[in-house]
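Walk me through this structure, please.

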Amino acid sequence: MTRLLRIATRKSPLALWQSEHVAAALRAAHSGLDVVLVPMSTRGDEVLDRSLAAIGGKGLFLKELELAMLRGEADCAVHSLKDVPMELEPGFALPAILQRADHADAFVSNRYDDIDALPHGAVVGTSSLRRQAQLRALRPDLQLRDLRGNVNTRLAKLDAGEYDAIVLACAGLQRLGFDARIRSRMDAPQWLPAPAQGAIAIECREDDADTRALCATLDHAATRTCVEAERAMNRALHGSCHVPVAAFARLDGERLYLHGLVGSAADGRAIRAQAQGRGNAPEGLGLEVAQSLQQQGAGELIAASGA
């Protein structure tokens with residue numbers, strides 16, 4: 001008997017790629033499973049003239065998809081895990097976190113090889129407070145300007161000469177076939193990504209046991225361990241897109257290593273911490289790094305950001 005599974009997804013090219021990727025993996029894992037996409041527009045996609053922090057945060061990308069699941073129009077939704085709030089809405093679960101792709105940020109420019117090569121006062125595009133904070137720490141002379149829209153739109157703005165360089169996620173560029181646009185990778189531990197960057201998550205209703213079981217076959221244990229540490233740190237700091245928080249965890253055998261950062265997008269001040277622990281206790285490690293950041297004064301930077 002054929003079972004139908006409906007995936008709610010945003011309409012952006014990257015969101016559709018990720019949902020198609022999950023659909024193909026589910027079909028391969030379950031014979032007789034018919035998977036269809038239910039593309040939807042979200043407020044986060046529609047309002048492009050203001051930063052995400054100004055219009056309510058990354059949760060705007062989830063709300064309509066969650067409502068579709070509650071109305072019975074979809075069985076699950078696919079997200080970039082970095083866009084998923086630290087606390088899910090009641091009644092929802094993440095039965096699968098897929099194997100992480102490239103976690104790093106990408107320096108993208110048509111004229112310059114990396115941040116160091118940019119001339120004094122160069123214009124760099126990003127709306128991420130996390131990226132702005134790290135850019136200001138490295139190069140306080142740069143002019144940082146907002147950059148919203150999907151990956152194709154952002155690249156088009158760069159190509160039109162509006163920016164000398166832009167910063168995007170490597171994973172998004174690679175998934176859309178834009179590997180060649182990556183001039184250099186901005187990698188940990190010197191440059192830290194958003195918590196869970198590069199990981200795709202499947203969300204469904206908590207009470208939908210059948211869908212949870214189907215999706216759970218795609219869960220990647222090592223990735224879940226790493227992103228749980230990163231998200232636990234962020235949660236303890238009350239991080240959101242209003243706060244420049246960065247984190248990256250690496251699992252080596254049974255040891256888990258976590259680097260964290262809280263920064264200021266206004267002046268480039270940054271506080272860093274790192275720790276290591278057992279791979280079977282990622283949340284505890286996240287809390288340890290968050291406490292270290294707080295002891296160094298992260299609370300002041302977070303308060304100054306208006307969060």
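Helices (H or I, at least four residues) and strands (E, at least two) are DSSP runs, numbered from the N terminus. The expected span of a helix is 1.5 Å times one less than its number of residues. This is a predicted model, in which local features need pLDDT of at least 70, side-chain atom pairs count only at pLDDT 80 or more, and totals for chains, interfaces and linings use all residues. Residues are numbered from 1 along each chain as its sequence is written, and side-chain values use heavy atoms, with hydrogens and water left out.

Start with helix H1, residues 13-29. H1 has 17 residues. From its first C-alpha to its last it reaches 24 Å, close to the 24 Å expected at 1.5 Å a residue. Which residues of H1 are buried? Buried means under 20% relative accessible area, exposed means over 50%, and partly exposed is in between (1.4 Å probe, protein chains only). In H1, the buried residues are Leu 14, Ala 15, Gln 18, Ser 19, Val 22, Ala 23 and Leu 26.

Now turn to the strands. Two strands pair if DSSP finds at least two bridges between them. Strand E5 (residues 105-108) runs antiparallel to E9, and three bridges join them. Within E9, Arg 185 stands opposite Ala 106.

Contact here means heavy atoms within 4.5 Å.

Next comes an open sheet of three strands. Its order is E11-E12-E13, with antiparallel pairing. The edge strands, E11 (245-252) and E13 (270-278), each pair on one side only. Here the twist averages 10 degrees from one strand to the next. Eight bridges link E11 and E12 (residues 255-263) in the antiparallel sense. Phe 248 has His 259 in E12 as its bridge partner. In a regular strand the side chains alternate between the two faces of the sheet.

H5 (residues 129-138) packs on this sheet too, touching E11, E12 and E13. Its direction makes about 90 degrees with that of E11. Gln 134 is found in H5. Is Gln 134 buried or exposed? Gln 134 is buried, because its relative accessible area is 5%. Leaving aside neighbours within four places in sequence, Gln 134 is in contact with Gln 190, Trp 191, Leu 192, Ala 246, Leu 261 and Arg 272.

Helix H9 (residues 221-236) lies across E11 and E12, running at about 150 degrees to E11. Glu 228 has its place in H9. Glu 228 counts as partly exposed because its relative accessibility is 29%. Glu 228 and Ser 19 are 209 residues apart in sequence and 22 Å apart in space, C-alpha to C-alpha.

Look next at the loop between E9 (184-186) and E10 (200-205), where Pro 189 is found. The peptide bond from Ala 188 to Pro 189 is cis, with omega near 5 degrees. Ala 196 lies in the loop between E9 and E10 as well. Its phi is near 70 degrees, a positive value in a residue other than glycine. Ala 196 counts as buried, because its relative accessibility is 0%.

Five of the six residues of E10 are buried, so E10 is largely enclosed by the rest of the structure. E3 (residues 76-80) pairs with E10 in the antiparallel sense over five bridges. Cys 76 has Cys 204 in E10 as its bridge partner. E4 (residues 92-97) also runs antiparallel to E10, joined by four bridges. Ile 97 has Ala 201 in E10 as its bridge partner.

Terms used
Axes fitted to C-alpha atoms, helices over the stretch in contact; angles between N-to-C directions.
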